[in-house]
Amino acid sequence: MGKNISFIGSGNVAWHLAPALENAGHVVREVYSRSPKNAAKLVDRLYQAEVKEDLDFSESNSEIFIISVSDDAIDDVAQEIVLPEDALVVHTSGAKSIGILGYTASEFIGVFYPLQTFSKSKKVNFEDIPICIEAEDPETEKALKSLAKSISKKVVSINSADRKTLHVAAVFACNFTNHCMAIAEDILNANKMDFDLLKPLIVETLNKSFELGPHNAQTGPAKRHDFETLDSHMEYLDNNERLAELYRLFSQHIVDMHPRS
């Protein structure tokens with residue numbers, strides 16, 4: 001049976017999660033955002049939602065309230081939001097504990113964390129996205145599991161400490177990996193070379209990492225302890241102290257993780 005849901009926040013996560021929940025048979029009733037214009041843009045993607053202009057949801061017909069705002073705004077929202085009786089309220093953060101929602105008036109609090117990178121311009125398939133949930137009581141956990149399973153094939157219960165561990169790992173695997181590709185693109189662009197040259201290498205690297213495991217898939221001069229090449233690369237980066245330091249730190253870490261046999 002579908003749930004009535006309200007969203008607080010209209011950023012990247014809400015942009016994809018709200019339509020996914022509606023497509024699964026739930027109804028998004030309201031969207032609140034500090035920017036009413038952004039709330040209206042999300043409402044335009046939904047069937048019958050309305051823009052909510054304040055955080056007083058005391059007369060709302062929704063049963064579930066999803067706080068999907070930046071991490072540093074969750075605390076303020078939790079203290080300001082007014083909820084109807086028996087409302088279930090969750091946040092979608094990977095880094096913040098469930099306890100941050102203790103400021104709300106609700107007895108039923110939880111976390112509904114989709115483990116994925118979201119951009120408004122890029123479609124995602126929620127069926128393949130792990131949903132990490134946390135609750136303080138069995139009934140809330142049951143409700144969140146049901147909601148998560150309506151959109152995803154991978155639903156896991158995980159506490160706040162383990163979710164932080166997962167989030168740190170995700171930053172290394174996703175954000176830092178993408179940043180390294182941005183650095184590579186800048187290096188090539190500075191020399192009027194095309195980033196497309198690296199794409200087959202990047203795809204094969206990821207495929208090997210998935211198939212063999214990241215440690216077994218590691219290659220390169222640091223893995224081989226090829227210090228002559230490492231020194232040559234450091235010399236190439238001599239005019240960019242920050243990149244040279246990053247290269248040194250990464251290379252040393254790989255050397256340490258792959259000692260000579």
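Which helix gives the most to the lining of the largest pocket?

Author: The model is predicted, so local features need pLDDT of at least 70 and side-chain atom pairs count only at pLDDT 80 or more, while totals for chains, interfaces and linings use all residues. Residues are numbered from 1 along each chain as its sequence is written, and side-chain values use heavy atoms, with hydrogens and water left out.

The helix is α5, which gives 12 residues to the lining of the largest pocket. Helices here are DSSP runs (H or I, at least four residues), and strands likewise (E, at least two), numbered from the N terminus. A pocket is an open set of points on a 1 Å grid over the protein atoms alone where a 1.4 Å probe fits, with protein on both sides within 12 Å along at least five of seven lines; lining residues have an atom within 4 Å of a point.

The largest pocket holds about 2600 Å³ of space, a volume being the space filled by probe spheres set on the points. Its lining has 45 residues, and the closest to the centre are Cys180, Thr205, Gln218, Phe250 and Ile254. Besides α5 (160-190), at least two lining residues each come from α6 (199-212), α7 (214-217), α8 (227-236) and α9 (241-257). By class, the lining of the largest pocket comprises 29 nonpolar, 13 polar and three charged residues; Ala, Val, Leu, Ile, Met, Phe, Trp, Tyr, Cys and Pro count as nonpolar, Asp, Glu, Lys and Arg as charged, and the others, Gly among them, as polar.

Helix α5 also supplies the largest share of the lining of the second largest pocket, five residues.
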